[in-house]
Amino acid sequence: MPLPACPRCYKTEFEIAESDELRGGGYRTKVWFVQCSSCGAIVGVIDYFNLTHRIRELEAKVDKILDKV
Ligand SMILES: [Zn+2]
């Protein structure tokens with residue numbers, strides 16, 4: 001399987017960076033950009049409030065409550 005590469009410089013290392021507020025569509029939001037570590041080209045966006053992590057936290061709390069019932 002080929003390594004994912006930056007569409008601008010073709011390097012293969014990426015990092016995440018916090019965005020400023022994005023505006024449009026009638027609302028403002030924050031996101032994490034996935035960007036090329038070399039040239040900074042943005043290649044993806046991740047939800048600012050990591051919902052997977054949050055769901056796992058809530059799942060653990062529900063499990064603790066269920067253990068007490
Ligand atoms: Zn690049």
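Mentor: Let us begin with a definition: two strands pair if DSSP finds at least two bridges between them. Please keep in mind that this is a predicted model.

Trainee: What makes S1 and S4 a pair?

Mentor: The cut-off is at least two bridges. S1 and S4 have five bridges in the antiparallel sense, so they count as paired under that cut-off. Within this pairing, isoleucine 16 stands opposite valine 34 in S4.

Trainee: How do you know that S4 and S5 pair?

Mentor: Strand S4 covers residues 31–36 and strand S5 covers residues 42–47, and five bridges join them in the antiparallel sense. The definition asks for at least two, therefore the two strands pair. As one instance, glutamine 35 has isoleucine 42 in S5 as its bridge partner. The hairpin of S4 and S5 has five residues between the strands, and glycine 40 there takes a positive phi near 85 degrees.

Trainee: Why are S1 and S5 called edge strands?

Mentor: The open sheet has three strands in the order S1-S4-S5, with antiparallel pairing. S1 and S5 each pair on one side only, and they are the edge strands. From one strand to the next, the twist averages 30 degrees.

Trainee: How confident is the prediction along the protein chain, and where is confidence lowest?

Mentor: The mean pLDDT is 91, and 100% of the residues reach 70 or more. Confidence is lowest in strand S2, residues 22–24, at a mean of 81, and highest in strand S1, residues 14–18, at 95.

Methods:
Residues are numbered from 1 along each chain as its sequence is written. This is a predicted model: local features need pLDDT of at least 70, side-chain atom pairs count only at pLDDT 80 or more; totals for chains, interfaces and linings use all residues. pLDDT is the predictor's confidence in each residue, from 0 to 100. Helices (H or I, at least four residues) and strands (E, at least two) are DSSP runs, numbered from the N terminus. Axes are lines fitted to C-alpha atoms, for helices over the stretch in contact, and angles run from 0 to 180 degrees between N-to-C directions.
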